[in-house]
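Work through the exercises below with the model open. Try each task before you read its solution.

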Amino acid sequence: MGLHCPAFYDEAVIRRPPVLCTLKKYPTLFFILFPAMKILTAAQIRQLDYATVSEQGLSSVELMERAATAFTKWLRRRWSTSQVPEVLVLAGPGNNGGDGLAIARLLYQDGYPVRVGLLPAASYSADYLHNRAHLPKGVPVHEIGATPLELKPNGLVVDALFGTGLSRPLAEEAAAVVAQLNEARARVVAVDLPSGLLADSPQPADSPIVQASYTVSFGLPKLAFFLPQHAAFVGEWHVEDIGLSAAFIADAEASWFFTDASAAQGLLPARPPYAHKGTFGHALLLAGSRGKIGAALLATQACLRTGVGLLTVRVPGCGYEILQTAAPEAMCLADAHPDYLSELPDLSPYQAVGMGPGLGQQPASRGVLQQLLEEAANTSGQPLPLVLDADALNLLGQHRELLAQLPPDTVLTPHPKEFERLTERARDDYHRLELLQAFAREHRCYVVLKGAYSCLATPQGELHFNCTGNPGMATGGSGDVLTGLLTALRADVRLTAFAAVQLGVYAHGRAGDLAAQESGEPGLIASDIIRYIGPALRELTAAREF
Ligand SMILES: NC(=O)C1=CN([C@@H]2O[C@H](COP(=O)(O)OP(=O)(O)OC[C@H]3O[C@@H](n4cnc5c(N)ncnc54)[C@H](O)[C@@H]3O)[C@@H](O)[C@H]2O)[C@@H](O)CC1
Ligand SMILES: [K+]
């Protein structure tokens with residue numbers, strides 16, 4: 001049976017992430033070849049290159065031609081020959097430069113006005129020299145580095161100085177070229193990686209790196225693309241398929257992954273025809289304090305919209321009528337205290353508990369958290385699944401001794417500041433990933449570090465970057481929605497802890513993307529995300545039925 005491109009891959013619906021734009025073109029290929037959606041290291045990418053060439057009986061120049069063709073097609077789809085007064089291709093001495101020279105030839109043959117700037121070096125790669133020799137005579141060529149770049153207004157610059165072969169920060173001529181490009185705010189399309197950026201390892205903060213408007217990469221995204229500190233360099237990134245060895249990718253060891261539609265679509269089980277409300281679990285939310293009952297309500301509505309069987313919400317007395325009125329589908333247990341939570345209810349009816357939205361940080365609420373951790377760990381059989389967010393995390397940060405009591409597979413959903421309170425201040429995004437990995441391993445928990453490309457760390461030390469979501473979701477209440485969503489999925493006993501969290505984070509971002517299509521990013525509020533949870537989940541189910 002053939003695999004089809006589901007309707008929701010339509011680019012009209014998807015503004016981000018760019019990986020999905022590629023999936024629209026090669027859905028079948030991706031389903032078959034990249035089920036785990038790995039992110040490989042630069043060293044593995046080099047081996048992948050060799051594996052592809054030997055497995056497919058290609059020469060490395062032929063693989064380079066594929067890469068250049070894919071890049072050129074991408075560029076042609078975006079700008080016609082009449083829209084660019086000039087394409088200046090800057091070529092370095094290695095295979096990235098070789099790609100650039102092949103791209104220059106292909107663009108010239110397509111009728112683009114092309115000029116090439118060559119960065120002088122002591123030696124050049126064989127494939128660079130091959131493509132240098134095949135550059136058409138009509139393409140003007142000059143050296144760059146020592147003299148100022150002459151950039152045409154509205155022209156395009158193709159940055160093919162350095163790619164994954166870069167081993168150290170740029171210096172001298174290369175650094176001078178980068179400085180000129182950045183100062184001129186040139187419209188740059190980077191080939192594979194913005195030059196100067198290392199694919200997967202930290203580098204000094206002041207390293208010269210091209211600030212690209214677009215990065216068109218080959219085969220697989222690089223780890224650097226997912227880190228906020230690189231956003232200004234990478235710009236909008238795209239991955240183009242060049243038929244790299246599927247067998248190599250399948251066998252490659254990886255600890256970094258990305259979650260896109262095809263990774264998420266197998267995770268949501270269909271509802272059995274004879275399902276009843278007990279089938280999908282009974283969840284408990286512990287949330288709200290005076291002035292923050294809205295957070296409890298947002299988590300409640302998100303939990304309901306995710307398909308939980310039954311939901312009980314524990315709020316302080318002041319929230320009782322609000323909850324009962326605004327969310328009649330949920331049951332409400334009022335705490336004895338009018339303003340904050342002071343007592344933990346009996347946990348025996350529940351399959352999962354979410355705690356934190358709008359909670360406040362009262363000592364009595366900390367007592368509730370402590371009791372929750374103790375009782376959740378001591379339930380007979382498996383520990384009770386927990387989702388901890390917001391003030392539940394802040395309370396943990398203030399009382400780190402409680403971390404040792406986290407039941408295995410607990411889900412924590414901090415934003416970077418909350419995560420810092422649980423661990424330490426990160427030097428940079430790479431250090432934050434190390435801390436995240438170590439924390440999830442040590443406490444045997446799932447941690448969702450929220451932000452652009454939210455990163456899910458597993459107890460095994462894997463890092464999964466989520467590809468849905470948009471900046472409109474950086475708004476109050478968005479995290480409360482995630483808590484409700486994850487609590488519902490953790491209550492569904494048919495899902496593993498990992499599947500629940502991966503699916504929940506993906507669906508949350510996708511619901512936000514759908515909501516942003518309606519309201520625009522600035523106008524998006526958390527309630528809009530809730531309205532689109534259903535459609536986001538439906539897309540995944542529909543895709544699975546193809
Ligand atoms: N891996 C793949 O699947 C493919 C890779 N291709 C291209 O090949 C690129 C990788 O090519 P290479 O491995 O030749 O590497 P690069 O072209 O990225 O750079 C390597 C060259 O730069 C020099 N160099 C490294 N660091 C430097 C520094 N700080 N200052 C000055 N010189 C420095 C090296 O000595 C070498 O000459 C990829 O980014 C991609 O563009 C494509 O051609 C084909 C497919
Ligand atoms: K580059």
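**Exercise 1.** Which residues in H11 meet which residues in H17?

Solution. This is a predicted model. Start by finding the two helices: H11 covers residues 293–305, and H17 covers residues 478–491. Next, list the H11 side: Ala-295, Leu-298, Ala-299, Thr-300, Gln-301, Ala-302 and Cys-303. Then list the H17 side: Asp-480, Val-481, Thr-483, Gly-484, Leu-485, Thr-487 and Ala-488. Last, sort this contact by class: 8 residues are nonpolar, 5 polar and 1 charged.

**Exercise 2.** Describe how H11 and H17 cross, and explain why they count as oblique to each other.

Solution. Take the axes of both helices. They come within 7 Å and cross at roughly 40°. Finish with the hand: the crossing of H11 and H17 is right-handed.

**Exercise 3.** How many residues surround ligand 1, and which are the closest?

Solution. The count is 31 residues around ligand 1. The closest are Gly-94, Asn-95, Asn-96, Gly-163 and Gly-165. Look next at the elements. Helices H3 (42–55), H4 (60–78) and H5 (95–109) each give two or more residues to this shell. H5 gives the most, with 5 residues. By class, the shell holds 15 nonpolar, 12 polar and 4 charged residues.

**Exercise 4.** Where does UniProt place the feature "domain: YjeF C-terminal"?

Solution. The unreviewed UniProt entry puts this feature at residues 260–540. Over that stretch the chain is 43% helix and 12% strand. The end C-alpha atoms of the stretch are 11 Å apart.

Conventions:
Residues are numbered from 1 along each chain as its sequence is written. Chains are lettered from A and ligands numbered from 1 in the order in which they are written. This is a predicted model: local features need pLDDT of at least 70, side-chain atom pairs count only at pLDDT 80 or more; totals for chains, interfaces and linings use all residues. A residue is near a molecule or strand if its C-beta atom, placed from the backbone, lies within 6 Å of it. Helices (H or I, at least four residues) and strands (E, at least two) are DSSP runs, numbered from the N terminus. Ala, Val, Leu, Ile, Met, Phe, Trp, Tyr, Cys and Pro count as nonpolar, Asp, Glu, Lys and Arg as charged, and the others, Gly among them, as polar. Axes are lines fitted to C-alpha atoms, for helices over the stretch in contact, and angles run from 0 to 180 degrees between N-to-C directions. A crossing is left-handed if the near helix is turned anticlockwise from the far one by less than a right angle, and right-handed if clockwise. Two residues are in contact if their C-beta atoms, placed from the backbone, lie within 7 Å. UniProt positions are given in the numbering used here, feature names are shortened, and annotations may be inferred rather than shown by experiment.
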